Amino acid sequence: MRKTLLLAVAAASLAAAETIKFSDIHQLTHGGQNAEAYWAPDGKRLIFQTTRPPYDCDQIFVMNADGTDQHLVSTGKGRTTCGYFLADNKHIVYASTHLAADACPPSPDRSKGYVWGVFSGYDIFLATDTGKIEKRLTDAPGYDAEATINWKTGNILFTSLASGDLDLWTMRPDGSAKKQLTKAPGYDGGAVYSRDGKKMVWRANYPKTPEEMAKYKSLLAENLTAPMKMELVVADSDGRNAKTLTNFGCASFAPTFTPDGKKILFASNKHECDGRKFELFMINVDGTGLEQVTNFGGFTSFPEFSPDGKTLVFCSDRDAKDRYEFNIFTAKWGK
């Protein structure tokens with residue numbers, strides 16, 4: 001009886017906490033695989049990646065903040081990922097394999113476990129918000145993708161295999177002034193800046209044993225990486241003073257700073273390592289004060305705060321009708 005009462009109290013407390021943070025949830029997409037929605041600087045639009053007919057793999061779309069006027073802004077060829085608006089509200093960057101081939105690159109070989117493709121054909125492109133490509137920003141051999149931008153400084157963060165390892169780099173919006181920021185062996189990716197441009201946070205997998213390193217390098221040689229053991233790392237914007245924030249031994253990723261820069265919101269399967277149930281969590285930038293934000297019971301990830309800090313966009317299989325359906329939602333943020 002006491003155990004039942006404690007569980008009921010805990011469930012009520014979690015529900016109350018979620019209510020404080022979330023209200024007025026709106027579903028913007030309906031069907032297909034939709035993810036990584038990021039705000040335009042004026043808060044009126046979102047850029048996102050989606051797999052939907054007639055496309056066989058992810059393309060970049062833009063829509064209004066209420067979900068209307070969803071339309072293609074990438075080429076419709078190859079595979080794309082990680083679209084982001086520039087500060088001028090008129091340009092975007094995204095990664096695409098369309099120069100390597102019109103067709104989607106082959107899906108990763110899942111006989112090797114759950115792995116991500118870090119396709120060598122990916123490069124980062126600058127385009128107008130109507131889809132006209134203006135410049136190819138990267139041309140190093142191998143993977144260049146996962147670009148995000150700090151609107152205050154204009155700097156772009158991205159992941160590149162230019163060094164022979166998956167490291168974080170920075171560059172200017174015209175592709176100039178490329179600089180490597182991380183050098184530890186292992187995967188560094190999914191990085192974002194704080195709004196003031198002074199900090200950055202990312203997901204990382206640094207193999208700890210010779211066997212783990214050998215497996216990492218073997219997968220990388222096949223343009224693959226295993227994402228289910230990722231921790232979050234925070235550092236100064238130049239890569240200095242890096243500190244690992246999580247130590248769950250699970251998959252933590254898609255971090256974003258709260259508007260005041262004091263906390264980080266992210267997704268993790270910390271309650272079921274190696275499982276597909278991801279919830280949103282929040283942690284202080286010093287690694288203290290971990291709290292669970294959502295309890296939807298499925299996959300929820302890729303959160304980002306609107307420019308005014310009042311609305312959160314995220315991806316979830318909440319109320320999905322198919323196993324691999326993921327949709328984009330917005331909700332008012334109350335904390």
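## Ground rules

Helices (H or I, at least four residues) and strands (E, at least two) are DSSP runs, numbered from the N terminus. This is a predicted model: local features need pLDDT of at least 70, side-chain atom pairs count only at pLDDT 80 or more, and totals for chains, interfaces and linings use all residues. Residues are numbered from 1 along each chain as its sequence is written, and side-chain values use heavy atoms, with hydrogens and water left out.

## Helix 2

Helix 2 covers residues 210–221. Its 12 residues should span 16 Å at 1.5 Å a residue, where the expected span is 1.5 Å times one less than the number of residues.

Just after helix 2, N223 takes a positive phi of about 60°.

## Strand 3

Strand 3 spans residues 45–51 and includes R45. R45 is buried, at 17% relative accessible area. Its side chain reaches the backbone oxygen of N89 at 2.8 Å. Leaving out residues up to four places away in sequence, R45 touches, among others, Y38, W39, F85 and D129.

F48 also lies in strand 3. F48 is buried too, with a relative accessible area of 1%. Beyond four places in sequence, its contacts include T29, F61, Q70 and I328. F48 and D308 are 260 residues apart in sequence, and 19 Å apart from C-alpha to C-alpha.

## Aromatic rings

Rings of Phe, Tyr and Trp (its six-membered ring) pair if their centres lie within 6.5 Å; planes under 30 degrees apart count as stacked, over 60 as edge-to-face and the rest as tilted. The count comes to 20 aromatic pairs. One of them, Y84 with W151, is tilted: 6.4 Å centre to centre, 45° between the planes. Y84 is in strand 6, and W151 is in the loop between strand 11 and strand 12, 67 residues apart. Y84 counts as buried at 7% relative accessibility, while W151 is partly exposed at 29%.

F253 and F278 have ring centres 5.4 Å apart and planes at 85°, so this pair is edge-to-face. Both F253 and F278 are buried.

Terms used
Buried means under 20% relative accessible area, exposed over 50%, partly exposed in between (1.4 Å probe, protein chains only). A polar contact is a pair of N or O atoms within 3.5 Å; within protein, one must be able to donate a hydrogen and the other to accept it, and residues adjacent in sequence count only if both atoms are side-chain atoms. Contact means heavy atoms within 4.5 Å.
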